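Biologist: I am new to this kind of picture, and I would like to learn how to read it one feature at a time. Please give me the general idea first and then the case in hand.

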Amino acid sequence: MKNKTTKTMSPMGRRQFLRSSGGVALFIGASGLLPSFLSCTDTKGVERQLTKHDVTAWVRITEDGHITIYNPAAEMGQGSMTSLPLVFAEEMDADWSKVNVEFSPQEADIYGSPGWQPGTKLMFTVGSRTTNSYYSVMRKAGAQARYVLLHSAAAHWKVPVDELTTGPSEILHEKSDQKIGYGALVPYLTMPETLPDFSASGLKDPKDFRLIGSQIPRTEIPEKVDGSALFAMDLRMPNMVYGVLERGSLHGAKPTLTNEAVILAMEGVLKIVPFDHAIGVVANTLEAALLAKKALDIQWSDAQAKGFNSQEIYPTYAQMASAPEKGKTVNEIGDVDRALRTAVKTYEADFKNDYVYHAQMEPLNAVVKVAKDGQSAEVWVGSQQGPDTKLGIPNLLGIPHEAVKVNLQYLGGGFGRRSMNDFVVECGSLAQAMAPQPVKLIWTREDDVTYGAFRPLTLQRLKVSTDAQGNLTGFSHCVVGDGGNLVASGARNDHYAIPNQWVEWREASHGVRLKHWRSVGHGPNKFAIEAMLDEVAHDQGMDPMALRRKLMANAPRALATLDKVTQISDWNAPLPEGRAKGVAFVEHGSLGTGVCEISVDRTTGTIKVHRFWIALDAGVVIQPDNVKAQMEGGIIMGISSVLKEQITVVDGQVQQRNYDDYQLLRMQEVPDSIETVILPSAEHPEGVGETATPMVAGAIANAFLRLTGKRLRHLPFTPERVLDVLNS
C-alpha cells in the first residue's frame with residue numbers, strides 16, 4: 001500500500017479547478033466548484049482566481065490513477081492520518097491502495113471543521129473532536145469529488161449520469177459495458193453547472209461502506225517503523241542554530257540576569273534573549289546552549305505561587321467546600337437541598353487528586369525561520385494546532401496571518417499539552433532575534449516537568465441522598481480547584497436517572513500553570529462519581545452493576561455498554577483468592593463501561609491490575625483496530641496516572657524534575673489483557689481518545705472496596721496511601 005505521509009501541500013487554498021498534464025486538483029467547498037477550467041500554465045489567470053475564490057482543497061488525482069487526499073488534523077499516534085482520508089475515500093469510491101495522504105496547509109477557513117461556536121471553523125486536534133467534527137465534512141467533500149467524476153464520464157460517453165455507478169477508482173456504465181479509471185478520466189474532466197450539496201442526502205448508506213469499519217492498516221505506521229517518519233525533533237536545516245530557555249521552577253517569577261557578559265563570552269553562544277518569564281540563549285550547537293544555560297546567574301522575583309504547598313492545601317479546600325456561599329453553577333436539575341433534607345439516608349465524601357504532568361514522549365520543540373525583513377515566517381512543529389492555526393506567530397511578529405506558513409509534523413505525544421503553543425511563540429521570539437537564521441528551540445525534560453502545565457489539583461465533595469427503597473434521590477457535587485472547565489468538566493450525570501442534581505465549582509488559584517490533560521476534568525470527576533456510587537451500593541448490600549442498571553433505565557445506549565461489559569468480564573464468576581473486580585461508566589464523546597480485576601499486596605501497598613474489559617459505543621467506527629488501540633493506550637495511561645503519577649509543590653517550587661522522581665507505569669506493570677468490544681452503531685461517530693482513561697480510577701477504587709471493604713479517595717493510589725488506608 002502506498003499511503004506515504006511525508007509531504008505538506010503548498011497552500012494554493014482557493015476555489016479552482018485546474019487541469020494539467022500531471023493531473024487535476026479538485027477544490028471543493030460549501031458553494032461548490034468553480035465551473036471552468038484554467039491551465040496551470042496560465043499563471044495570470046490562476047492568480048486572478050486565487051485572489052477571488054476561497055474553498056476547500058481535499059484531493060489530487062493524477063493520470064496514472066494515484067490519488068492524494070489531504071489530512072487537516074494533527075497525527076500524534078491516534079490515527080487521524082488514516083481515518084479522515086478514509087472517510088473521504090469511502091464517499092469518493094477511491095481505490096485505497098492508490099491513495100497517498102499528506103498534511104493539509106494550516107488554514108482554518110479552508111480546512112477547518114465546525115467550531116464550538118456557530119459559524120466558526122477550527123483546526124484543533126483536541127477533546128476527541130477530530131473524527132466527530134470532520135466526519136460530515138469529509139463525507140460531503142468525497143461525495144462531491146465522486147459527482148464531478150461521474151458528470152465527466154457521462155459527458156465523455158454521452159450517457160445520462162444516473163446510469164453510471166462507481167467501483168474502486170473507476171466509473172462503470174452497465175448498459176454499454178464500459179468502464180474507465182479515475183486516472184484515465186482526467187483528460188476528459190468537465191465541470192457541472194451546479195454541484196449537489198450532499199449535506200442531507202446522496203451519501204452512502206452505512207451498510208454499503210467498503211472502507212469504513214474495515215481493518216485498514218494505518219498509513220503512517222511503515223514510516224514510523226523504518227525510521228523515515230519526520231517529527232519536529234528530527235529536523236535539521238541549513239544554517240540552523242539552537243535555543244534553550246531557563247524558566248526557573250517558581251511559576252510566574254520574573255528573571256534578572258546578572259552575568260550576561262560571562263555568558264556571551266562562552267564558546268558558541270550567539271545571543272541572549274530575555275523574556276518576562278525566562279532567559280533565552282541561542283548558540284551554534286545544542287550542547288553549547290545547554291552549557292550556557294547551566295551557567296546563567298539569575299535572580300528570580302517572587303510570584304503568586306510562593307509559599308504554596310500542594311499537599312497541605314486540602315484542608316483549606318475542604319473548608320471552602322463547607323462555606324455557605326455557593327460557587328458557580330455547572331448543572332442544576334430539581335432541588336438537591338430538598339432531596340437531602342427529606343432523605344432516609346445520606347452519604348458524604350471528599351475525593352482528591354494531585355497535579356499530573358503530561359509526560360509526552362517527544363520533548364517540546366519547534367523550528368522557526370523569520371525573514372530578514374521580519375515580514376514573513378515559516379514554522380516546523382508538531383502541534384495540536386489551536387484557535388490560531390498560525391500558532392501565535394503573526395501576533396508575535398506583527399505580520400499578517402497569511403505571511404506565516406506552518407509545516408505540521410508528526411507529534412511524539414500530545415495529551416493536551418501541545419494544544420498550548422507557548423513553546424512555538426518562544427521559538428518565534430528567538431528566531432526574530434536571529435533572523436534570517438532558522439532557530440530550533442528544545443525544552444529539556446527537566447524544563448517540561450518543572451515548568452509544566454499540569455492537570456489541576458482538586459477536591460470534590462459529593463453528597464448523595466437515598467429514599468426508603470435505596471433509590472438515589474439527590475446527587476450534589478462541589479468541585480474546588482483552579483481552571484474552570486479544566487476541573488468542572490465531566491461532573492454531570494446525564495446518563496443516570498437521578499431526579500435532583502447539583503454541580504458547582506468553587507475557585508482556588510495558586511499561580512501554578514495548568515492545561516488540559518487527557519480527558520480534562522473527567523478523570524477526577526468520574527472517579528469521584530463512580531466511587532461514590534459503589535460506596536452507596538456497598539453500604540446497601542447492592543450489586544454495583546444492579547445499581548447502575550437501575551440508574552441507566554432512560555439511557556439505553558449507556559445501558560447496552562453496561563450489559564455487554566457484564567457479559568465479557570463474566571462479572572459474577574468466582575475469582576482467585578485475593579482478587580476482585582470493579583466497574584466504572586464514562587461518557588466522553590463515546591459511551592463506555594469498564595471493568596478491571598485487581599489484587600493488592602498488603603505488605604507493600606502495591607495494587608496490580610491484571611485484566612481490563614471495556615464495552616464501547618462510539619457510533620460509526622472508522623477503524624476498529626485503531627479504536628481498540630486507543631482504548632488500550634487510554635487504559636494504560638489511566639493506570640499510570642492512577643497508581644503512580646504525582647506532581648507536588650513545596651513553597652511554590654515543583655519538586656519533580658525527570659522520570660526518576662516522576663514515576664510512570666512500567667512494561668511489567670501493564671495488565672495481562674485489555675479487551676475491548678465495540679457495539680455496532682449507525683450513529684454519528686464520537687471520539688474515543690478520552691473515553692478509557694477516566695474510567696480507570698473509579699474501576700480500581702471500586703475493585704479495592706469489594707476486595708478490602710476500604711475506600712480509596714485520593715489520587716494517585718500510591719503504595720504509601722494504600723497502606724495507610726489498609727491500616728486505618
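Biologist: Which residues is threonine 130 in contact with, leaving aside its neighbours within four places in sequence?

Modeller: Contact means heavy atoms within 4.5 Å, and by that rule threonine 130, with its neighbours within four places in sequence set aside, is in contact with Ala73, Ser80, Leu84 and Thr125. Please keep in mind that this is a predicted model, in which local features need pLDDT of at least 70 and side-chain atom pairs count only at pLDDT 80 or more, while totals for chains, interfaces and linings use all residues. Residues are numbered from 1 along each chain as its sequence is written, and side-chain values use heavy atoms, with hydrogens and water left out.

Biologist: Where is the place of threonine 130, and is threonine 130 buried or exposed?

Modeller: Helices (H or I, at least four residues) and strands (E, at least two) are DSSP runs numbered from the N terminus, and threonine 130 belongs to helix H4, residues 130-157. Buried means under 20% relative accessible area, exposed over 50% and partly exposed in between, with a 1.4 Å probe and protein chains only, so threonine 130, at 11%, counts as buried.

Biologist: Where is arginine 506 found, and which residues does arginine 506 touch, not counting those up to four places away in sequence?

Modeller: Arginine 506 is found in strand E26, residues 500-507, and, at 8% relative accessibility, it counts as buried. Beyond four places in sequence, arginine 506 touches a list of residues that includes Met320, Glu325, Lys326 and Cys478, and Cys478 is itself buried, with a relative accessible area of 4%.

Biologist: How far apart in space are residues that are 260 residues apart in sequence, such as glycine 511 and histidine 251?

Modeller: Glycine 511 and histidine 251 are 6.6 Å apart, C-alpha to C-alpha, whereas arginine 506 and glutamate 246, also 260 residues apart in sequence, are 34 Å apart by C-alpha atoms. Glycine 511 lies in the loop between E26 and H15, is partly exposed at 23% relative accessible area, and touches His251, Gln304 and Ala305 once residues up to four places away are not counted.

Biologist: At what angle do helix H15 and helix H16 pack?

Modeller: Axes are lines fitted to C-alpha atoms, for helices over the stretch in contact, and angles run from 0 to 180 degrees between N-to-C directions. Helix H15 (residues 522-539) and helix H16 (residues 544-551) pack at about 115°, with axes 9 Å apart. Angles under 35 degrees count as roughly parallel, over 145 as roughly antiparallel, 65 to 115 as roughly perpendicular and the rest as oblique, so H15 is roughly perpendicular to H16. Glu530, Leu533, Asp534 and Ala537 in H15 meet Pro544, Leu547, Arg548 and Leu551 in H16.

Biologist: At roughly what angle do the axes of H16 and helix H17 cross?

Modeller: The axes of H16 and H17 (residues 556-568) come within 9 Å and cross at roughly 160°, and these helices are therefore roughly antiparallel to each other. Met545, Arg548 and Arg549 in H16 meet Leu559, Leu562, Asp563, Val565 and Thr566 in H17.

Biologist: How many disulfides does the structure hold?

Modeller: A disulfide is a covalent bond between the sulfur atoms of two cysteines, counted when a pair of cysteine sulfur atoms is within 2.5 Å. The structure holds 0 disulfides, and cysteine 596, at 0% relative accessibility, counts as buried.
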